[in-house]
Amino acid sequence: MRNRLGLASLALAVTLAGNAFAGPVEDAGAAYKRGDYATAMRLIRPVAEQGNTAAQYNLGTMYYNGEGTRRDYAEALKWYRMAAEHGDVESARRVGFMYANGQGVPRGDAEALKWYRLAADRGDAEAQNNLGVIYSDGKGIPPNLVEATKWFKVAAARFPASEKQKRDKAMKNSELLAKKMTSTQVAEADKLAREWKPK
């Protein structure tokens, strides 16, 4: 389920918070862990429908992966968008990815940019890296090497040590772009990266 937490960890977090959803979420986590995705989906869906952001993300992931149901990108997008609109950063990045790749919606660079930007502004390194790609390639917008370099540098600084390959790749991308830029542009990108703060 959630890349970092999973339904079982979600259940623990909900229980510690004293949330009324603790029982169904714990049961959903146990079902998911044993591979009973249909039961996990049946149990987590009402929690998601009642507005629990983590449950919305998890339900979106189950639809995205076809766990407990057929793969349904449109339904996954619906749940990710709900979670993103309630502030879930990873869901916002996933909405951006789905627009960038035309999964469940027609491919839309402007929408991808919007959702990646939302996640990037809140500190998501993957989304920041994706913005670097969009600005360097000019997907749906004119190329902007200063913005691309800024986002690659910000992403490189925010990827955790456990994601060294991603951090190194983002840094390498910024170095490759710097070779195509003037010294003034490089200085501007460096300044923007240093001044960036999550919103």
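Asparagine 52 counts as buried, because its relative accessibility is 13%, under the 20% that marks the limit for buried residues. In this predicted model, asparagine 52 is located in the loop that runs between helix 3 (37-49) and helix 4 (53-65). A polar atom of the asparagine 52 side chain lies 2.8 Å from the backbone nitrogen of alanine 55.

The protein chain as a whole contains 11 helices and 0 strands. Read from the N terminus, the order of its elements is therefore α-α-α-α-α-α-α-α-α-α-α, with helices and strands taken as DSSP runs. Of the 199 residues in the protein chain, 48% are buried, and asparagine 52, at 13% relative accessibility, is one of the residues that count as such. The accessible surface of the protein chain amounts to about 9900 Å². Carbon and sulfur atoms account for 52% of that surface.

The largest pocket was examined next. The space within the largest pocket is about 480 Å³. Two or more residues of its lining come from each of helix 6 (89-101), helix 7 (109-121) and helix 8 (125-137). Helix 6 contributes the most to this lining, giving 7 residues. In total, 27 residues line the largest pocket. Those nearest its centre are Arg93, Phe97, Tyr116, Glu126 and Asn130. By residue class, the lining of the largest pocket is made up of 12 nonpolar, 11 charged and 4 polar residues. Under the classes used, Phe and Tyr count as nonpolar, and Arg and Glu as charged.

A further site was considered in helix 10. This helix spans residues 164-178 and includes lysine 164. Lysine 164 counts as partly exposed because its relative accessibility is 48%, a value between the limits of 20% for buried and 50% for exposed residues. The side chain of lysine 164 forms a polar contact with the side chain of aspartate 168, at 2.6 Å.

The two sites can be set side by side. Asparagine 52 is buried and lies in a loop between helix 3 and helix 4, whereas lysine 164 is partly exposed and lies in helix 10.

Terms used
Residues numbered from 1 in each chain as written. Predicted model: local features only at pLDDT ≥ 70, side-chain atom pairs only at ≥ 80, totals over all residues. Heavy atoms only, no water. Helix = DSSP H or I, 4+ residues; strand = E, 2+ residues; numbered from the N terminus. Buried < 20%, exposed > 50% of the residue type's maximum accessible area, 1.4 Å probe, protein only. Polar contact = N/O pair within 3.5 Å; in protein donor to acceptor, adjacent residues only side chain to side chain. 1 Å grid on protein atoms, 1.4 Å probe; cavity = no way out; pocket = protein on both sides within 12 Å on 5 of 7 lines; lining within 4 Å. Points joined across faces, edges and corners; volume = space filled by probe spheres on them. Areas by Shrake-Rupley, 256 points an atom, 1.4 Å probe, with all protein chains shown as cover.
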